[in-house]
Amino acid sequence: MKIAVIGYTGSGKSVLAAKLGKILGCPVLHLDKLQFEAGWKERGEVEGKMLCEQFLEENKDRGWVIDGNYSWCCYEERMEQADHIIFLNFSRWNCLYRAWKRYRRYKGGVRESMAAGCPERFDWEFIRWILWDGRTKNAKRRYRNIRSTYPDKFITLKNQKELDTFLKTIQ
């Protein structure tokens with residue numbers, strides 16, 4: 001099974017992807033690892049896309065889970081190949097709370113789903129991204145387009161209760 005996990009920052013994409021990978025016994029690709037290099041330096045899009053293409057090619061005949069939105073990173077290919085597209089459409093306040101909890105857990109360290117050398121952070125720029133800048137009309141339009149293009153495999157989860165119910169159906 002191939003699953004693409006998309007959604008807003010702080011919604012739990014990486015945590016869900018890791019759980020699904022474990023349940024399904026398939027490799028997981030966290031796109032944050034392709035987006036960033038040590039010190040929160042952004043990786044070049046060409047190199048990041050090449051790494052994503054390599055992952056897709058290596059796993060074309062087996063299942064995978066990929067979490068992240070990055071439209072430059074084989075977005076159409078991921079959505080086309082996915083058996084399920086899970087959209088975590090949690091409220092901005094829920095995402096902010098989850099990001100704060102994540103920060104408290106990993107403060108001074110690097111979480112498993114992030115590139116090495118990128119310690120967890122929680123600053124005003126990040127808060128603004130979660131609450132406003134990451135929820136642009138373009139982002140919302142992209143999610144609507146994916147939903148309308150792939151209605152049979154698009155799953156929207158709006159809160160933890162819906163996520164927990166969904167996970168029970170997978171297990």
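User: Which strands does helix 1 lie across?
Analyst: Helix 1, residues 13-24, lies across strand 1, strand 2, strand 5 and strand 6 (84-88). Its direction is at about 165° to strand 1. Keep in mind that this is a predicted model.

User: Noted. And what does helix 3 touch?
Analyst: Helix 3 covers residues 45-58 and packs on the sheet, where it touches strand 2 and strand 5. Its direction makes about 160° with that of strand 5.

User: What's the strand order in that sheet?
Analyst: The order is 2-5-1-6-7, in an open sheet of five strands with parallel pairing.

User: Which strands stand at the edges, and why is one side of each left without a neighbour?
Analyst: Strand 2 (28-30) and strand 7 (154-157) are the edge strands; each has a single partner strand, so one side of each has no neighbour in the sheet. From one strand to the next, the twist averages 15°.

User: Let's zoom in on strand 5. How many bridges pair it with strand 1?
Analyst: Four bridges, in the parallel sense, between strand 1 (residues 2-7) and strand 5 (residues 64-67). Lys-2 has Trp-64 as its bridge partner, and Ile-3 stands opposite Val-65.

User: How many bridges are there between strand 2 and strand 5?
Analyst: Three, again parallel. On that side, Val-28 has Val-65 as its bridge partner in strand 5.

User: Which way do the strand 5 side chains point, and are they buried or exposed?
Analyst: Trp-64 and Ile-66 point one way, while Val-65 and Asp-67 point the other. All of them are buried.

User: Switching to electrostatics: how many salt bridges does the whole structure have?
Analyst: A search of the whole structure turns up eight. One of them joins Arg-111 and Asp-32, with 3.9 Å from N to O. That pair links distant parts of the chain, 79 residues apart: Arg-111 is in the loop between helix 5 (92-106) and helix 6 (124-133), and Asp-32 is in helix 2 (residues 32-35).

User: What is the N to O distance between Arg-111 and Glu-120?
Analyst: That salt bridge comes in at 2.7 Å. Arg-111 counts as buried because its relative accessibility is 7%, below the 20% cut-off. Glu-120 is buried as well, with a relative accessible area of 8%. Salt bridges with shared partners join Asp-32, Arg-102, Arg-111 and Glu-120 into one network.

User: Nice, I'll keep an eye on that when I assign charges. What about Asp-32, buried or exposed?
Analyst: Asp-32 is buried, and so is Arg-111.

User: Which residue forms a salt bridge with Glu-37?
Analyst: Arg-43 does, with the closest N and O atoms 3.5 Å apart. Glu-37 is partly exposed at 24% relative accessibility, whereas Arg-43 counts as buried at 15%.

User: Now backbone angles. What is phi of Trp-40?
Analyst: It is near 60°, a positive value in a residue other than glycine. Trp-40 is in the loop between strand 3 (36-37) and strand 4 (41-42).

User: Another loop question: where is Gly-10, and what does it touch?
Analyst: Gly-10 is in the loop between strand 1 and helix 1. Leaving out residues up to four places away in sequence, Gly-10 touches Cys-95, Arg-98 and Ala-99. Gly-10 is buried, with a relative accessible area of 8%.

User: How far apart are Gly-10 and Asn-69?
Analyst: They are 59 residues apart in sequence and 12 Å apart in space, C-alpha to C-alpha.

User: Last one: which residues form a nonpolar patch on the surface?
Analyst: Met-1, Ile-23 and Leu-24, with about 220 Å² of accessible area together. Met-1 is in the segment before strand 1 and counts as partly exposed at 45% relative accessibility.

Conventions. Residues numbered from 1 in each chain as written. Predicted model: local features only at pLDDT ≥ 70, side-chain atom pairs only at ≥ 80, totals over all residues. Heavy atoms only, no water. Pairing = 2+ DSSP bridges. Helix = DSSP H or I, 4+ residues; strand = E, 2+ residues; numbered from the N terminus. Axes fitted to C-alpha atoms, helices over the stretch in contact; angles between N-to-C directions. Contact = heavy atoms within 4.5 Å. Patch = residues over 30% accessible without salt bridge, like charges linked within 9 Å, V, L, I, M, F, W, Y side chains within 5 Å. Areas by Shrake-Rupley, 256 points an atom, 1.4 Å probe, with all protein chains shown as cover. Salt bridge = Lys/Arg side-chain N within 4 Å of Asp/Glu carboxyl O. Buried < 20%, exposed > 50% of the residue type's maximum accessible area, 1.4 Å probe, protein only.
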